[in-house]
Amino acid sequence: MTWADAAQPLRQRNFAWYFSSRFVNTLGNMMASIALTFAVLDITDSAAALGQVLAAHTIPMVVLLLWGGVISDRFPREVVIQLSNVASALTQGVIAFLVITGTAELWMLIALSVVHGAVSAISFPAMASLLPQLVPRDQLQPATR
């Protein structure tokens, strides 16, 4: 497969927007996770506390992933993604505000991580199932790489 073949789905306007959105979303989540790690270590100086916060995000995400699939099948996927992104931005914004103002406590970070994990579980199936609607069938394989 050549670079031109691999980039062909990006010529589809809707897929280009989807790809850009997914890239920014993933980059933001990765940076937020790193920042949250440093924030928890700064607040508690405890690896166990960091594990609690990370588990608080991961467990709801794994448990609720199937429900996210049901929600993305029952409601318009675009709306599910938009609402999930807003909820994700709000939870991460509140975490950032608490950390910057110096008022963050471990229980607050755990609670907000639970909410963010649930939001991630809802948004992932909707995001994944939207792809086949954005590109022609013959470009589906390059679009998933």
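# Notebook: a chain of helices

**Entry 1. The overall fold.** I counted six helices and zero strands in the chain. The model is a predicted one. Reading along the sequence, I wrote down the pattern α-α-α-α-α-α. I then looked up the extent of the C-alpha trace, which spans about 50 × 35 × 25 Å along its principal axes. Of the 145 residues in the chain, 29% are buried. Among contacts with a separation of 6 or more, 79% are between residues 24 or more positions apart.

**Entry 2. Helices α2 and α4.** I began the helix pairs with α2, residues 13–44, and α4, residues 77–101. How far apart are their axes, and at what angle do the helices pack? The axes are 11 Å apart, and the angle is about 30°. Angles under 35 degrees count as roughly parallel, so I noted α2 and α4 as roughly parallel to each other. Their crossing is left-handed.

Next I listed the residues that meet. From α2 come Asn25, Asn29, Ala32, Leu36 and Ala39. From α4 come Asn85, Ser88, Gln92, Ile95 and Val99. I sorted the residues of this contact by class and found five nonpolar, five polar and no charged.

**Entry 3. Helices α4 and α5.** I kept α4 and turned to its pairing with α5. The axes of α4 and α5 come within 9 Å and cross at roughly 155°. Are the two helices roughly parallel or roughly antiparallel? Angles over 145 degrees count as roughly antiparallel, and α4 and α5 are therefore roughly antiparallel to each other. This crossing is left-handed.

On the α4 side it includes Arg77, Glu78, Ser88, Gln92 and Ile95. On the α5 side it includes Met108, Leu112, His116, Val119 and Leu130. By class, the contact of α4 with α5 has 15 nonpolar, seven polar and two charged residues. I went back to my α2 list and found Ser88, Gln92 and Ile95 there. These residues of α4 also belong to the contact with α5.

**Entry 4. Aromatic rings.** How many aromatic pairs does a search of the whole structure find? It finds two. I took Phe15 with Tyr18 to start. Their ring centres are 6.0 Å apart and their planes are at 35°, so I noted the pair as tilted. Both residues lie in helix α2, three residues apart, about one turn of the helix.

Then I took Phe15 with Phe19. Here the ring centres are 6.2 Å apart and the planes are at 35°, so this pair is tilted. Phe15 and Phe19 are four residues apart in α2, which puts about one helical turn between them. Phe15 has 3% relative accessibility and counts as buried. Phe19 has 41% and counts as partly exposed. Ring pairs link Phe15, Tyr18 and Phe19 into a cluster.

Entry 5. I picked Ser120, which sits in helix α5, residues 106–130. Is Ser120 buried or exposed? With a relative accessible area of 13%, Ser120 is buried. I looked for its contacts, not counting residues up to four places away in sequence, and found His57 and Met61.

My next pick was Ile110, also placed in α5. Ile110 has a relative accessible area of 23% and is partly exposed. Which residues does Ile110 contact, leaving aside neighbours within four places in sequence? They are Gln52, Val53 and Ala56. I looked at Val53 again. Ile110 and Val53 are 57 residues apart in sequence, yet 4.9 Å apart in space, C-alpha to C-alpha.

**Entry 6. A backbone angle.** I finished with Asp45. Where does Asp45 lie? Asp45 is in the loop between α2 and α3, the latter being residues 47–74. I looked up its phi, which is near 55°, a positive value in a residue other than glycine. I made a note of the background. Most residues other than glycine have a negative phi. Asp45 has 69% relative accessibility and counts as exposed.

Terms used. Residues numbered from 1 in each chain as written. Predicted model: local features only at pLDDT ≥ 70, side-chain atom pairs only at ≥ 80, totals over all residues. Heavy atoms only, no water. Axes fitted to C-alpha atoms, helices over the stretch in contact; angles between N-to-C directions. Parallel < 35°, antiparallel > 145°, perpendicular 65-115°, else oblique. Left-handed = near helix turned anticlockwise from the far one by under 90°. Contact = heavy atoms within 4.5 Å. Nonpolar A, V, L, I, M, F, W, Y, C, P; charged D, E, K, R; others polar. Phe/Tyr/Trp six-rings, centres within 6.5 Å; stacked < 30°, edge-to-face > 60°. Buried < 20%, exposed > 50% of the residue type's maximum accessible area, 1.4 Å probe, protein only.
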